[in-house]
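Subject: Structure for you to look over

Dear colleague,

I am passing on the structure below, followed by my notes on what was found in it. Please read them with the model open beside you.

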Amino acid sequence: MPQHYVGLDVSLDLTSLCVLDAAGRTVCEAKVATDPDAIGAYLRRFDLRIERIGLEAGPLSQWLHTGLIALRLPAICIETRHTKAALGAMPVKTDRGDARGIAQLMRTGWFRAVHVKTRQAQEWRLLLTQRRLLVNKLIDVEAEIRGTLRGFGLKIGKVGRAGFEARVRELLADQPSLLKVVEPVLVVRATLVTQREVLHRMVLQAVREEEVCRRLMTVPGVGPITALAFRATVDQAERFTRSRDVGAHFGLTPRRYQSGEVDRSGAIAKTGDALTRHALFEAATSMLVHATKPSALRSWALAVAKRRGLQKARVALARRLAVVLHRMWRDGTSF
């Protein structure tokens, strides 16, 4: 039976589907509901030997990929930037054309597959992203209160999170009209603080239950957030045969442009997972600035800081931390 290749251009409600044969001829095209069962039912109507089904990485891709694999269909999640570059030569962009282009990528093999995380890793990622959301909103609310009161000559100054509300009420003690306006915002802030703590306790519980995270936290500067973010994003240590590739995966290696006589390096690529990259950067800062226990890793980073400056040393240490954490995970060792 001849081989066939399927491209899926996924949107929220409907997915454009294209099936090509081995010669690149279109067998069928359709729009089906964005649901793995609907896609599987449509493909099974034709009794084809399907070699590969391609879909871009996106918000629905993990769910669709898992569902298609459960139906014994050879689904592959492909890298978005690579796909965009491949389809960029098309003069007219349509969902139908994108599905046809993805099917051609499946047929030619010119694609880069993306690792689809396990359900546990997805749940950890959800926990971390929701905690980060509340932290960011809390920062926004506090900054808004500070800016609002500053317009009336009231300066909150340096105060910890625990004493923030008390300081605001102290400043507004003799200005009830302003307090009446700020009061609802303080209530929202208190709710954010409470729920942030709920999610943070869930993070701590997850780290206590995960042996890999506990081992990663033996590295100075690596706390629960960094350990769980690294564990959830890498998901399976076997994905990387070389630990040094992990730094590049998180966008912590310099960009490079080389053509003819031109060969220049730029800032770090900042590709890959931003949450974990940010956590590694914070861990590097903690090791450089706050850690007191001597280590070869910290000494190396301090030497880089002396030669190249603190900022470059933080980036270099974040990249080195990614390598060290992965090697510890693979080897089953502590720092």
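In these notes, contact means heavy atoms within 4.5 Å. The model is a predicted one, in which local features need pLDDT of at least 70 and side-chain atom pairs count only at pLDDT 80 or more, while totals for chains, interfaces and linings use all residues. Residues are numbered from 1 along each chain as its sequence is written, and side-chain values use heavy atoms, with hydrogens and water left out.

With that in hand, Glu210 can be described: leaving aside its neighbours within four places in sequence, Glu210 is in contact with Trp124 and Arg231. Glu210 is found in the loop between helix H7 (176-209) and helix H8 (211-216), where helices (H or I, at least four residues) and strands (E, at least two) are DSSP runs, numbered from the N terminus. Its relative accessibility is 15%, so Glu210 counts as buried (buried means under 20% relative accessible area, exposed over 50%, partly exposed in between, with a 1.4 Å probe and protein chains only).

Within H12, the buried residues are Leu297, Arg298, Ala301, Val304 and Ala305. Seen down the axis of H12, these buried residues fall within an arc of 120°, so they line one face of the helix; the arc is that of the directions from the helix axis to the C-beta atoms. They pack against helix H11 (274-289) and helix H13 (310-331), whereas Ala296, Lys306 and Arg307, on the other side of H12, are exposed. After H12 comes Gly309, whose phi is positive, near 105°.

In helix H3 (80-87), His82, Thr83 and Leu87 are buried. Viewed down the axis of H3, they fall within an arc of 125°, so they too line one face of the helix. The buried residues of H3 pack against strand S4 (49-56), strand S5 (75-78) and helix H4 (95-108), and the face turned away from them carries the exposed residues Arg81, Lys84 and Ala85.

On a 1 Å grid over the protein atoms alone, a cavity is a set of points where a 1.4 Å probe fits but cannot get out, and a pocket is an open set with protein on both sides within 12 Å along at least five of seven lines; lining residues have an atom within 4 Å of a point. Grid points are joined across faces, edges and corners, and a volume is the space filled by probe spheres set on the points.

The largest pocket has a volume of about 980 Å³. Of the 28 residues that line the largest pocket, Val114, His115, Lys117, Arg239 and His249 are the closest to its centre, and helix H5 (119-150) gives the most to the lining, with 4 residues.

The second largest pocket holds about 380 Å³ of space and is lined by 14 residues, with Ile268, Arg308, Lys312, Val315 and Arg319 nearest its centre; H13 gives the most to this lining, with 5 residues.

The largest cavity, of about 30 Å³, is lined by Leu128, Arg131, Arg132, Ile225 and Leu275.

With best wishes
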